[in-house]
Amino acid sequence: MHRDPDRVPPAAGAPRSALPAWAALAAHAREVRDLHLRALFAADPGRGERLAAEAAGIYLDYAKQRVTQETLARLLALAEACDLRGRIDAMFRGEPVNTTEGRAALHVALRAPRNRRFMVEGHDVVPDVHAVLDRMATFADAVRDGAWRGWTGRPIRHVVNIGIGGSDLGPAMACEALRPYSRRDLTVRFVSNVDGADFAEATRDLDPAETLVIVVSKTFTTLETMTNAHTARRWLTAGLGDAGAVARHVVAVSANTEATARFGIAPDRVFGFWDWVGGRYSMGSAVGLAVMLAVGPAHFRAMLDGFHAMDEHFRTAPFACNLPVLSGLLAVWCTTFLGAQTLAVIPYDQSLRRLPAYLQQLCMESNGKSVTHAGAPVPYATGPIVWGEPGTNGQHSFFQLLHQGTRLVPCDFIAFARSAYPLPGHHDLLIASMLAQAEALAFGQTADEVRAAGTPEALVAHRTFAGNRPSSVLLAERLDPFTLGALVALYEHSVFVQATIWDINPFDQWGVELGKALARRIAPELTAPGEPALGHDSSTNALIRRYRRLRAGRAGGDRRAGAEPES
């Protein structure tokens, strides 16, 4: 039987770049490297309508990406050669796709309806998921309607979520994004940084008698989270005059019930999750309890419905019209084959101002890897650096570099046709700005066009825009709970697609462990009496000694007047 050479798998242990489909795509990239978007649009008047796809209420326009029909065909051939379909099916079957930890990565089960089945080691986890969601809903309703009261009998008016990484970034982003759907008389704040300023400023105007603290840590040992949790317990005890108040003012999201019990949290105030849920993929689990408290169980479930709709699209849609697959393949194309090092995420919605920070963890902790599943070095570029800021703010800060700088920076623009804040004249201008930026990045402005506008010759070079800067636009009707869930799931699955092509594990994060271990070693050295023996490098040793002198006020030098902060 004839076999397409582009789809022949590589030899065992060979890198993805040994695939014939990879080599063909690399050769194609060299051929089209200098092809301009102006030429692509001129040659294909229907390009803008054709290079688009839609699912779960999200419309993806990728016509301004630097791709041809041949590019797309070769990307899809590479996906087939990398067995993307098999990897998707394996994830949805609950197989241990997190290979370094031997675990499933079944975050899709967190948003599955009750009648679905997702198996992990022969056990259907969907009933477990819904049991936790039901407990969350009962608790959230009790807090929101005043049935759950604090130690002194007063209702809860403030919620402080203590977590870090996936236990903070997703819920914080969602609470900000869904503020129009939230209870405005319920304050929800997030504390993540071990810097005391974070906790102090988050609680300085709160009354402990009306404050509920959520401690989110799967192991209940995370250094930063537990430091802040113990501070919160002291703050509550001092404010309420009794250590027993912790039972009415602290709940936990954790899998370590022994540790939560030692902290003073009753078992019925602990909301569990599972080792087949990675932190950065956990927003739809009990990790999102603060979100449910803010927006209510019905809106939270609408968000889960949006997640599930995109999950099903990813699982079933043909790759040529599959939003996460297209997004992931375009990221691979820009990063690995066009040499882009970053991805700018620009939401044209102020409510999504925390989205770039959330996506930084999702994308960079997942795909910031330099070895394959087998532990071999990868000989090609993997995860891009993700960054961004809401439009139109970004236009007046870093867009100059996007338009006329020397670096290629692909952009994802995110926008909505209807605003939750319909002030006259605002939203149409916002969307016009987004469309204008995408158009300007793609097509630029030639020297002849600049001259035709009457620009003096001395300034022509300064006012010329090269264009050919790739971007995609994600457009939906409105930012609501369903759409937020679908949007987050799109990026989750895009990350998985990229990881599959690069043959890396997107579900572990060993790169953060070394710094944690060293911090535990250094912390006592900063406060030990006398002069502790230091065994670090000369720079770290010198910095520890300098910090100890500064901490003790013995460093010398000028003292600045008026430098003490107000309490």
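How many of the 6 residues of strand E13 are buried? The legend to View 1 gives the count for this predicted model.

**View 1. Strand E13 and the strands paired with it in the predicted model.** Strand E13 spans residues 471–476 and is mostly covered, with 5 of its 6 residues buried. Strand E2 (residues 58–61) runs antiparallel to E13 and is joined to it by 4 bridges. Strand E12 (residues 411–416) pairs with E13 in the parallel sense, over 6 bridges. Leu474 of E13 is the bridge partner of Leu60, and Leu474 is also the bridge partner of Ile414.

**View 2. The open sheet with strand order E6-E5-E7-E8-E9.** The sheet is formed by 5 strands, and the pairing is parallel. Strands E6 (187–191) and E9 (270–271) stand at the edges with a single partner strand each, so one side of each has no neighbour in the sheet.

**View 3. Pairing of strands E7 and E8.** Strand E7 (residues 211–216) and strand E8 (residues 250–253) run parallel and are joined by 4 bridges. Val213 stands opposite Val250 in E8.

**View 4. Helix H9 across the sheet strands E5, E6, E7 and E8.** Helix H9 comprises residues 223–240, and strand E5 comprises 158–162. The helix runs at about 160° to E7.

**View 5. Residues 5–10, where the pLDDT is below 50.** The chain averages a pLDDT of 95, and 95% of the residues score at least 70. Over residues 5–10 the pLDDT is below 50, and the stretch has 16 contacts in the model beyond near neighbours in sequence.

How values were computed:
Residues numbered from 1 in each chain as written. Predicted model: local features only at pLDDT ≥ 70, side-chain atom pairs only at ≥ 80, totals over all residues. Heavy atoms only, no water. pLDDT = per-residue confidence, 0-100. Contact = heavy atoms within 4.5 Å. Pairing = 2+ DSSP bridges. Helix = DSSP H or I, 4+ residues; strand = E, 2+ residues; numbered from the N terminus. Axes fitted to C-alpha atoms, helices over the stretch in contact; angles between N-to-C directions. Buried < 20%, exposed > 50% of the residue type's maximum accessible area, 1.4 Å probe, protein only.
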